[in-house]
Amino acid sequence: MTKDETQQLKGFAILLMLWLHLFSDTDLEPLTHCLLPFFGGKTLAFAFSRIAAACVPIYIFLGGYGLTCVYRQRQGSMHNARRALSLMANFWMVFLLFVPLACITNPLLYPGSLLTLLLNVAAIDYSYNGAWWFLLPYVVLTLGAAPLIRHVLTGSRRRDMLLGALLLVAHVAGYLLKDIPIADGSPLRIVYTAANVLYMLLPFVAGILFVKYDVLPLLRQRLSRLAQWQLLSLLALLGMVKMLLGGSALLNLPFVLLLLPLLLSIRIPARLTAVLAYFGSHSTNLWLTHYFFAFYLFGPVIYRLSYPLLIFAALVGVSLLASYVVRWLYAPLRRRIRRGDSRAQRCRPTYS
């Protein structure tokens, strides 16, 4: 998988995320029109949100895959502290732009107590923006990526099987721990960070293992024997099965591991890949900002557009405009954070 393909998949994942957050809540359906029926009394917009729920596992898998490629290319020199700091600095820039505005438009929620404010600044609590739930866990995974990747790459096949079994248990445990009721603004919400780290370890390590065993090239070679109509039929069948299955998040990773080889094997028009790569380049800012526009700043005003595709297009558009503002303000700081890394790696190939 190339860097360009990774960027395109990030673009695909962020668009899925926006759809998921708009249409996975059936309580909001009365605000929309033209909701096509699907199955079991559910609408097509809601059913597609079950496919869209794969967005976070895609991101985490790509994170493990990409960092493993960097580890190999740079012979273990990864500068992950700079990556983590860059992501957190990007987050703090969004925080400074949106939270003061939210304090004006939604004073019942913002800013809350001083402790709530500090916990949200640290990304331990994500009561200010529900889409931030995997920010700190991903930072933790990034900081610990080098020893984790080293451990996986040097392990035997038998040890990898044992590790996979242990991580599957951790994956389920993390999923269950997230249901523990903990009040917003409580320091105990650090438990959610630990639970989310456990939950995200399996897709992250899956990305590492896919690099170690060259899984994607092997699968793409086998799938290349199929005609395009066959690949598209398999993709449609996979999507239909996911929409018909329950909404458990434990189903998302197996779905992603089947989905990505198919997506990478299908011939996608150049214009569409360019569009996906474009959204991929904005994926971090779209992730960090879109929830404000959908719910927190002005309430669900965006649903007044009534029709799902119009609602989705509006959220994409306004979030994209915000991304340009954040990118412009954050660019000087990002250059300072990454300057040392670029000097150290000036003559080396990079993946991400």
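Reader: Where is the place of Ser306?

Author: Ser306 sits in the loop between helix 14 (283–296) and helix 15 (308–344). Helices here are DSSP runs of H or I with at least four residues, numbered from the N terminus. A quick note: this is a predicted model, where local features need pLDDT of at least 70 and side-chain atom pairs count only at pLDDT 80 or more, while totals for chains, interfaces and linings use all residues. Residues are numbered from 1 along each chain as its sequence is written, and side-chain values use heavy atoms, with hydrogens and water left out.

Reader: Why is Ser306 called buried?

Author: Buried means under 20% relative accessible area, exposed means over 50%, and partly exposed is in between (1.4 Å probe, protein chains only). Ser306 has 13% relative accessibility, so it counts as buried.

Reader: And why does Asp214 count as partly exposed?

Author: Its relative accessibility is 42%, so Asp214 gets the partly exposed label. You'll find Asp214 in the loop between helix 9 (190–212) and helix 10 (215–223), with phi near 50°, a positive value in a residue other than glycine.

Reader: What makes helix 3 and helix 7 roughly perpendicular?

Author: Their axes (lines fitted to C-alpha atoms over the stretch in contact, with angles from 0 to 180 degrees between N-to-C directions) cross at roughly 80° and come within 10 Å. Angles of 65 to 115 degrees count as roughly perpendicular, under 35 as roughly parallel, over 145 as roughly antiparallel, and the rest as oblique. Helix 3 and helix 7 are therefore roughly perpendicular to each other.

Definitions and conventions. Helix = DSSP H or I, 4+ residues; strand = E, 2+ residues; numbered from the N terminus.
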